[in-house]
Structures are given as C-alpha cells and as structure tokens.
Amino acid sequence: MNKQPLEISINGDCYSLAVEPNRTLLELLREDLDLTGAKEGCGEGVCGGCTVLMDGKPVRSCLTLALEASGTHITTVEGLAQKGELDPLQQSFIEHGAVQCGFCTSGMLMAAKGLALNNPHAGNKEIRNAISGHICRCTGYTKIIEAVEAVVDRSLEKR
Amino acid sequence: MRLPPFAYDRPRDLYEALELLNSYGKDCKVLAGGTDLLVRMKQGLVAPTHLVSLKALSELAEIKETGDGLQIGAAVKLSDILAYQPVQDHWPGLFEAVKAIGAPSIQHFSGTIGGNLCQDNRCQFYDQSKFFRAARQTCNKAGGSTCFAWKGGSDKCHSACQSDSAPILIAMDAKVVIKSKNETRTMPLEELYSSVGERPLTLADNEMLTEILVPAPTPGAGTAFEKLAYRSSIDYAMVSAGAFVQTEGGRTTRVRLVIGAVARGPLSIATVEKTLKNRPAGDQQAINEVAIDAMNTAAAFIANNMTQPVEYRTKMVSVIAKRALTRAAERAISQKGFLEAK
C-alpha cells in the first residue's frame with residue numbers, strides 16, 4: 001500500500017515521515033524510531049504495556065494508527081527524563097520498588113504521568129482508576145500505587 | 001500483532017465521508033476510536049480494503065445540550081461525555097454506563113460513543129486469533145454453518161451485543177441519526193439493532209451513525225445503569241441493565257428496563273411497564289416480580305458466548321435488573337420535582 005505523509009512530534013522532536021496506513025503508532029515508535037520503551041503485550045488494548053501520551057492523554061499505541069496520530073504531540077517513557085534527570089514519578093518507582101520484571105513499567109509510568117498532568121492532586125481512588133487498564137503480573141499493584149501517591153503527596157507539600 | 005494492509009482516507013467533512021462510503025460500499029469501514037475495529041482486523045475477523053477516518057470531522061465530535069435534550073455526535077470521545085457537566089447533573093444513568101466501558105486509558109481518550117453503539121457482537125469462540133479459530137469448524141458468524149455457543153448447535157449465530165451504552169440509551173428512548181450520501185433518517189436507537197448475530201446492525205454499507213439524541217430529563221424521572229463483570233475495568237459485561245423510571249406523586253407512571261450482554265441485541269423487557277405502573281415507585285415486591293420476569297425472558301437468549309457459566313449469568317439477570325430499577329426509582333423520587341409535589 002502507498003505510504004502517506006505524517007507530521008508528528010515525539011518527545012519534543014518533530015518528524016516528517018512517510019508511513020503505510022496499516023502501521024500502528026507502536027510499530028512506528030519501536031521499529032522505525034528505535035523508541036522501544038513502549039511494549040507490545042497483548043496487541044489488542046487489554047494489557048496497557050504500549051501506553052503513550054498523545055497530547056497529554058494516555059492512549060494505547062497498539063490500537064492507534066500512526067496516521068491517526070498526525071499533528072499530535074506524543075510522549076513516550078523515553079521523554080519523561082529531562083536533561084538527564086529522572087521524572088519524579090520514575091524516581092519514586094525506583095524508591096518504592098514498584099518495578100520488578102519491568103514490562104508493564106513504561107505503561108504504568110505513562111498512565112501515572114497522564115493522571116499527574118490532568119489531575120495533580122489525585123487521591124488513591126483516582127490513581128487506581130487511572131491504572132485500572134494496566135496489567136502487572138509481579139508487583140500486586142500496591143507498590144505502584146504507593147509510588148504514584150508519594151509523588152502526588154510531594155506536589156501537595158510544595159504548595 | 002500486525003494489521004493487514006488497507007487504504008486510508010481522512011475526509012475533511014461529512015459529505016466527503018459519506019461519498020467515500022457510497023463508492024467503496026462493503027469493502028470499507030468507518031474508523032472512529034479504533035478500539036474495537038482494529039482488534040478485529042488484527043484477528044482477521046474483518047478485512048476492509050478501505051478505512052475512512054472520522055478524525056478530521058469536527059462536526060461529529062460535538063456534544064451539546066439543547067431544549068430537546070442532549071445531542072451527541074457519534075465521534076464524541078467517551079471521556080468528553082464523562083467530563084460534560086450536564087451529563088453528570090441530569091443523566092446519571094448515561095454517566096454510569098459510559099464510565100463502565102473499557103478501561104480509562106482505552107475509553108477515555110480514544111473510544112467514541114458511536115463506536116460503542118456500533119461495535120460488533122462478541123462470542124468467546126469467535127473473538128479469537130486465527131490460530132485459535134483454526135482448531136474448530138467455521139462458525140455461523142465467520143461464514144460457516146455451526147454455533148459452538150448454543151447447546152446442541154444452531155443454524156443461527158448466538159453472539160452477544162456488548163455495548164454498555166445501548167441499554168441505558170434505549171431505556172431513555174434515545175434516537176439516532178443515520179446518514180448516507182442521499183438520505184438522512186432518524187429512528188429509535190433500538191431499531192439500530194437487528195438481533196441477527198451474524199450482522200447485528202441494521203446499517204446499510206453506505207450508511208453511518210452520525211448523532212445520538214437523548215430526550216431532556218423530565219421532573220420525577222430517574223435513570224440508572226448496572227454492569228456485572230469480574231473486574232471493574234477492561235472486562236465485558238456478563239449482564240448489564242439500563243433502567244428508566246418516571247414517577248408522579250410517588251407512583252410509577254412509565255418505566256423501561258433493557259438488559260444488555262445477554263442477547264443478540266439489547267433486550268427490552270416488555271412486561272415491566274404492566275407490572276410496575278401505578279404502584280409506588282421503588283416498591284421492592286413489585287421490582288422483585290419484574291426482576292424474575294427479566295430473568296425468565298433473558299434465559300431464552302443467554303448462550304455460552306462468554307467464559308462465565310450460562311446458569312450464573314441467567315441468575316444474575318434478576319439481581320442486576322433489580323439493582324438498576326431500585327436505583328432509578330430512588331433517583332426519581334429524590335428529585336426536586338417530586339419533593340415539591342409532595
């Protein structure tokens with residue numbers, strides 16, 4: 001099939017690409033741009049491993065055509081750290097032991113980031129709701145929720 | 001999982017989109033959020049040669065309150081419905097139903113209301129990978145001539161309509177606007193569903209759902225939606241129910257109950273109105289009677305199309321129906337309109 005033009009901003013860098021219509025955003029990120037942070041778990045929108053932020057909102061990159069993302073700003077887990085310094089969420093995941101095998105982590109981080117951007121003072125219920133579409137087979141979720149809560153708490157202290 | 005090849009169009013206005021649908025016909029599918037269609041394409045259940053994207057059609061992405069009620073564009077994102085204040089204030093049943101769809105990071109920012117209404121029916125033997133399906137004969141829905149979900153087989157498909165928003169919208173007498181290149185028709189939402197498992201929608205190949213019209217809330221009315229699933233997100237419903245109750249002076253004057261996820265289309269329970277009419281709103285004995293009716297009606301349709309046992313789902317119809325009706329009645333009588341009349 002014919003490739004079509006795609007203008008997209010990923011982690012602050014603008015790209016002018018030509019992609020096939022059946023290329024998903026996930027394939028574009030992982031295979032064409034070597035951004036392998038987003039993972040393919042199920043490929044059908046159930047596991048959450050491929051979650052990226054599109055204009056600040058979490059979406060499943062495995063169920064998003066690359067062409068449908070044209071003109072948007074995508075943030076992947078690679079774009080969280082700024083100037084060599086980890087995002088507070090990433091630091092908190094490390095401190096709380098919220099990472100075990102790590103396969104779900106980038107998706108969890110992006111969901112948490114999306115929540116933090118849209119609702120910086122989310123409570124426990126909102127955090128659980130935000131990661132409810134993500135599956136983790138190691139941690140039992142408790143550490144992940146604690147890690148996100150800690151960042152929310154810290155931002156409260158700063159106020 | 002890879003998507004099969006197809007051609008992609010992104011029309012700039014509705015007319016252009018309908019023109020494309022008209023010329024491509026059955027080889028073409030409308031792409032809204034993609035959370036249902038792209039999965040089915042990956043599994044090889046549907047193989048359109050053309051996708052028509054609704055992404056650029058801002059006229060389909062608008063939700064607004066008018067004097068007649070709520071006007072929801074088919075491509076309005078589920079998150080936008082939840083965030084819309086009038087829905088939170090006046091249509092609690094719709095709010096509950098939309099909240100119950102999928103998981104936040106699927107539904108909220110990709111999935112659309114039109115997509116939820118127009119999703120294909122589901123069955124545990126059909127919605128599977130090619131590899132899984134290759135181990136059995138081809139079923140009715142996949143073009144074969146058998147049904148694994150119906151005990152003893154069947155010449156009909158017994159898949160379930162899994163839209164969470166349909167039962168409550170039908171209970172509220174919502175209408176839908178269907179457009180094709182040359183025609184616009186408005187019809188009750190329930191007529192969108194054919195109750196044919198193989199082809200669950202009454203849409204022609206060149207037609208598209210463009211708008212959902214929800215009547216304005218009336219004083220003394222209440223709505224509620226209930227869904228039973230193992231997990232509170234991601235999972236499809238084992239049973240769901242949408243209820244609308246209209247009261248006057250503490251008595252029920254009009255009521256609708258629609259059961260979802262059990263039949264080939266949303267299942268309206270016809271006897272509800274007769275049993276509940278003129279009885280005190282929220283009367284538990286009356287609601288119990290209706291719940292049993294609902295269970296008996298649904299029992300004729302529930303097939304082994306989900307992993308949960310048929311017997312359990314059948315029994316749960318009465319429980320879920322009861323909860324929905326009770327909450328709708330509570331909402332109806334706690335509203336100002338009724339308190340003032342008292």
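How many residues of domain 1 of chain A are in contact with residues of domain 2 of chain A? Let's find out, and then tour the rest of the structure.

## Two domains in chain A

The domain assignment of chain A gives domain 1 (4-79) and domain 2 (88-158); such bounds come from an automatic or database domain assignment. In chain A, 15 residues of domain 1 are in contact with 13 residues of domain 2. Here, two residues are in contact if their C-beta atoms, placed from the backbone, lie within 7 Å. On the side of domain 1 of chain A that touches domain 2 of chain A, strand S3 (51-54) and strand S4 of chain A are the elements that give two or more residues. S3(A) gives the most to this side of domain 1 of chain A, with three residues. Helices (H or I, at least four residues) and strands (E, at least two) are DSSP runs, numbered from the N terminus.

By class, the side of domain 1 of chain A that touches domain 2 of chain A has seven nonpolar, six polar and two charged residues. Ala, Val, Leu, Ile, Met, Phe, Trp, Tyr, Cys and Pro count as nonpolar, Asp, Glu, Lys and Arg as charged, and the others, Gly among them, as polar. The centres of domain 1 and domain 2 of chain A, taken over C-alpha atoms, are separated by 21 Å.

## How to read this model

This is a predicted model, in which local features need pLDDT of at least 70, side-chain atom pairs count only at pLDDT 80 or more, and totals for chains, interfaces and linings use all residues. Residues are numbered from 1 along each chain as its sequence is written, while chains are lettered from A and ligands numbered from 1 in the order in which they are written.

The term pLDDT is the predictor's confidence in each residue, from 0 to 100. Chain A has a mean pLDDT of 93, and 96% of its residues reach 70 or more. Among the elements of chain A, helix H1 (residues 25-32) has the highest mean pLDDT (98) and helix H5 (residues 142-158) the lowest (82).

## Where chain A meets chain B

The contact between the chains takes 25 residues from chain A and 23 residues from chain B. Strand S4 (57-60) and helix H4 (124-130) of chain A each supply at least two residues of chain A's side, and the largest share of that side, four residues, comes from S4(A). By class, the side of chain A that touches chain B has 10 nonpolar, 11 polar and four charged residues.

Now look at A:Val59, which is found in strand S4 of chain A. Is A:Val59 buried or exposed? A:Val59 counts as buried because it has 29 C-beta neighbours inside 10 Å. A residue is buried if 20 or more other C-beta atoms lie within 10 Å of its own, exposed if 12 or fewer, and partly exposed in between, with C-beta atoms placed from the backbone. Leaving aside its neighbours within four places in sequence, A:Val59 is in contact with residues including A:Val52 and A:Met54, as well as B:Ser105, B:Phe109 and B:Ser110.

## Two domains in chain B

For chain B, the domain assignment gives domain 1 (1-52) and domain 2 (63-117 + 160-334). Their C-alpha centres lie 27 Å apart, and 14 residues of domain 1 of chain B are in contact with 15 residues of domain 2 of chain B. H1(B) gives the most to the domain 1 side, with six residues.

B:Leu20 counts as partly exposed because it has 19 C-beta neighbours inside 10 Å.

In chain B, four strands form an open sheet in the order S9-S10-S11-S12, and the pairing is antiparallel. Two strands pair if DSSP finds at least two bridges between them. Strand S9 (221-228) and strand S12 (267-268) of chain B stand at the edges, each with a single partner strand, so one side of each is left without a neighbour in the sheet. B:Ile259 stands opposite B:Leu267 in S12(B).

Leaving aside neighbours within four places in sequence, B:Ala321 is in contact with B:Leu257 and B:Ile259, among others.
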